[in-house]
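Here's a quick briefing to read alongside the model. Have the structure open and follow along topic by topic.

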Amino acid sequence: MARTLAAATRRVLGSRRRGDRSAAVPATDDTDAALVADLVEAIGADRVRADAAARYLASRDASIYKEGNAGPVCYPGSTADVVACVEVAARHGRAVSPRGAGTGLAGGAAPLGQPVVLSMTRMDRLLEIDLDNGVAWVQPGMVNLDLSRALAPHGVHYAPDPSSQAACTIGGNVANNSGGPHCLAYGVTSAHVLAVEVVMSDASVVTLGDLTAEPPGYDLRGAFVGSEGMCGIATAVAVRLTRNPPAVRTMLLSFDDVSDAAATVSAIIAAGIVPAAIEMMDQRCVTAVEDFAQAGYPRDAAAVLLVEVDGPAGGVAIAGERVADIARRNQAISARTAADDDERARLWKGRKSAFGAVANVMPDYYLHDTVVPRTRLVEVLERIYEIVDRHDLIVLNVFHAGDGNLHPILAYDSRVPGTGERVQAAGREIIEMSLDMGGALTGEHGIGVEKREYMDRMFSAVDLDQQSRLRASFDPHCRMNPGKVLPSAHSCSDIGALRASDAAGVWG
Amino acid sequence: MADFDEALTAFAAEVGTDGPVCVRGGRTRWSLGGEASPGTREVQAPEGIVAFEPAEMTVRVRAGTPVAALHEELAADGQRTALPERAGGTVGGALMAGESSIARLGLGPVRDALLQARYVCADGRIASAGAGTVKNVSGFDLCRLLVGSLGTLGLVGEVLLRTFPVGEAERWVRLAGTDPGAVRSCYTAASVLWDGTDVLILLSGYAVDVDDDLSRLAALGNCEDVDGPPELPPHRWVCTPAEAAAFDARNGAAGPFVAEIGVGVVHASQPQPPRPVEPGVVELNRRFKERFDPPGRLNPGRDPLRKP
């Protein structure tokens, strides 16, 4: 089964480039005419599209996986619309796949088996700010950054800040349990979601969790967050508001040697300092970022760390000094503190534009996402360079070093014959090395389709059986976003939810 | 996938594959969510710290270990976990109860503390949930499902917990006759307790920040040092932060109380009336129990929906 995915990915890597629109979406089946008519009747003609262009767009996310195949695409405007779509889909024996902005990197939003796709982007309103309870109710299609901007006048923000925050939606963040640089101190999405209104696979509406300290019963919103659209469709989310810290210090530490930078990260944590963020970039990444965004990073450094400490002013000054001290003891060649908000914003702009900057290096890239124990960063980075060298590839490292969340970017040109195979092989070795170091398959991008067949490398059959029970408790008929996360051996009923033709395409 | 430690496999063997079974921790929250059904066999989870890695800020510990003993060990390196310390209370018990410590403002809820769990399933096999790292989104989040589940879905034997550095300075102070809302300006407050009259505050952080907050508090009224938290009334209510802050006005009948401000927990003299739960949630709880424990052998008689 792992071979099958690899083969599918290889085809993609070998033959298609980002932005290539030549791949044809199969024409809508005749049988879909009745389905589309029912959807139109349920939510209105302006909220349903079944043309090839709409289906093409809804068939992909930002991953390299290009085998998604959307059925009719619906744009619900309310919870009632979502309920109606789920009902119609069930009546026609079709699965439902929700999607946000499609910025996911693991294929989680790539629909399998021509399901009814629910694009949640029209449900993008901020419903309520409740400062007494420290929460805001938002619709799932709201863009992450729009939320933080709307909250700014109240002196609070929404803490998870994925690199794609200018485009990604809160619903997508909930599905992927998304992270971001500042999750080091503040925690990933699950720590910031108090309640979720969910349309279940039987079209019932349930609110999981509530605004109390400990909702009664099992922690169902905890089980729901990160379930990649497979447990139901979030239609409203209560997110925790985080008080803006009174003081922030952002530092750029530069090193002659990548190992010194990695050792500095481990030493900061070992000293009992929990910065808001510790980001690391190696020289190739710094150069690309400078060419692209002119963030003011030193091009001659082998690696830089972007460290941010926040909190009350006194402690921020002390923690900042301690961090700089640790860096100097680990041979830092410079330690610069952002003098004002402008400089701070510029330093962060560099970090957040790293993925875009890769386009100047090579036409294609494959972004990985694994986690390793943060005490082992030095050896892990050495291993990554060794693996990539051996496969004659280029790697740019930019990652959340503070929590050991790696993002090696393999940059390549898919027009060069054989490159796809080498990217695939190196990626596999990086994933396996991360697991061998005691790590995890993914820290924030999710499993989706991309890492589905690696799950049994990290989990035993018993573990996966338990995970599939969680999913089946929410969705006994496996109708919500089928075919993701669990390897095929543990999601048999998912195959039933897929149409035979597509099942062959995915698993054949 | 790791080889399981001997204590864990021995625990699984003791749990076995059939017959009703419940786990005894420190018996500090023994009746939470109902009493164990009569005739239920009692087992105990293994004890001991497996590996404490201060530089990783994690500790691997067996579920039967008393929280106080764990924290004593972690304190040597200036760290602790978010789990509450109750006399005799165990790590497994604290996780299965899912009730936060009174320093939740500083330490966070128990649900965020569990990184990895190795537990015995209803069929006697050992499952592992989560990962050995501080960050992980690989697959469905069984760890959060287990926290607060009262051992009704699986019996936890060994866990990996997140640890935190203990504040460089920690001080409990009392502010007499103040509106607890006025304390919001204190960034280092790890606990704000209010009995309707006085506010007790635990300040925790860098000494300089704690001192700053102390002068801020002194400006609000008479602020004096106290030894620690007050004696808490026996019943723990769970509500929203807004309800906790308005507890006095709303619930004179509950008698003396201590409200955790900013959290939504109130310690009261009377038990909390049952909280309303929507039918869809009840149904989901039923389905989870049925799928994870088809024979109904894990902690029969207990139900997380009946927790206050």
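Let's start with an open sheet in chain A: five strands in the order β5-β6-β10-β8-β9, with antiparallel pairing. Bear in mind that this is a predicted model, in which local features need pLDDT of at least 70 and side-chain atom pairs count only at pLDDT 80 or more, while totals for chains, interfaces and linings use all residues. As for labels, residues are numbered from 1 along each chain as its sequence is written, and chains are lettered from A and ligands numbered from 1 in the order in which they are written. Helices (H or I, at least four residues) and strands (E, at least two) are DSSP runs, numbered from the N terminus.

**The five-stranded sheet of chain A**

- β5 (126-130) and β9 (205-209) of chain A are the edge strands; each has a single partner strand, so one side of each lacks a neighbour in the sheet.
- Strands count as paired here if DSSP finds at least two bridges between them.
- On average, neighbouring strands in this sheet are turned by 15° against each other, direction ignored.
- Helix α4 (residues 79-91) of chain A packs on the sheet and touches β8, β9 and β10 (233-240) of chain A, and its direction makes about 50° with that of β8(A). Those axes are lines fitted to C-alpha atoms, for helices over the stretch in contact, and angles run from 0 to 180 degrees between N-to-C directions.
- β8 (residues 193-199) of chain A pairs with β9(A) in the antiparallel sense, over five bridges; within that pairing, A:V196 has A:L208 of β9(A) as its bridge partner.

**A covered strand: β13(A)**

- Strand β13 (residues 277-282) of chain A is mostly covered, with six of its six residues buried. Buried means that 20 or more other C-beta atoms lie within 10 Å of the residue's own (12 or fewer is exposed, in between is partly exposed; C-beta atoms are placed from the backbone).
- In a regular strand the side chains alternate between the two faces of the sheet.
- Here both faces are covered: A:A277, A:E279 and A:M281 are buried on one side, and A:I278, A:M280 and A:D282 on the other.
- β13(A) is joined by six bridges to strand β14 (residues 303-311) of chain A, running antiparallel, and it pairs over three bridges, also antiparallel, with strand β18 (residues 394-400) of chain A.
- A:M281 has a bridge partner in each of these strands: A:V304 in β14(A) and A:V398 in β18(A).

**Helix α15(A)**

- The 18 residues of helix α15 (residues 419-436) of chain A should span 26 Å at 1.5 Å a residue, and the end C-alpha atoms are 26 Å apart, so the two agree. The expected span is 1.5 Å times one less than the number of residues.
- Its buried residues include A:V423, A:I430, A:I431 and A:L435.
- Just past α15(A), A:G438 takes a positive phi of about 90°.

**A buried loop residue: A:A110**

- A:A110 sits in the loop between β3 (96-99) and β4 (116-119) of chain A.
- Why does A:A110 count as buried? Because 29 other C-beta atoms lie within 10 Å.
- Its C-alpha atom is separated by 4.7 Å from that of A:G68, 42 residues apart along the chain.
- Leaving aside neighbours within four places in sequence, A:A110 is in contact with A:S59, A:R60, A:D61, A:S63, A:Y65, A:G68 and A:V449. Contact means that the C-beta atoms, placed from the backbone, lie within 7 Å.

- Chain B has nine helices and 16 strands.
- Its C-alpha trace spans about 60 × 45 × 30 Å along the principal axes, and buried residues make up 53% of its 308 residues.
- 65 residues of chain B are in contact with 69 residues of chain A.
- On chain B, α9(B) gives the largest share of the side that touches chain A, eight residues.

**Confidence**

- Chain B averages 94, with 97% of the residues scoring at least 70.
- For the complex, the predictor gives an ipTM of 0.97 and a pTM of 0.94.

Definitions and conventions: Two residues are in contact if their C-beta atoms, placed from the backbone, lie within 7 Å. pLDDT is the predictor's confidence in each residue, from 0 to 100.
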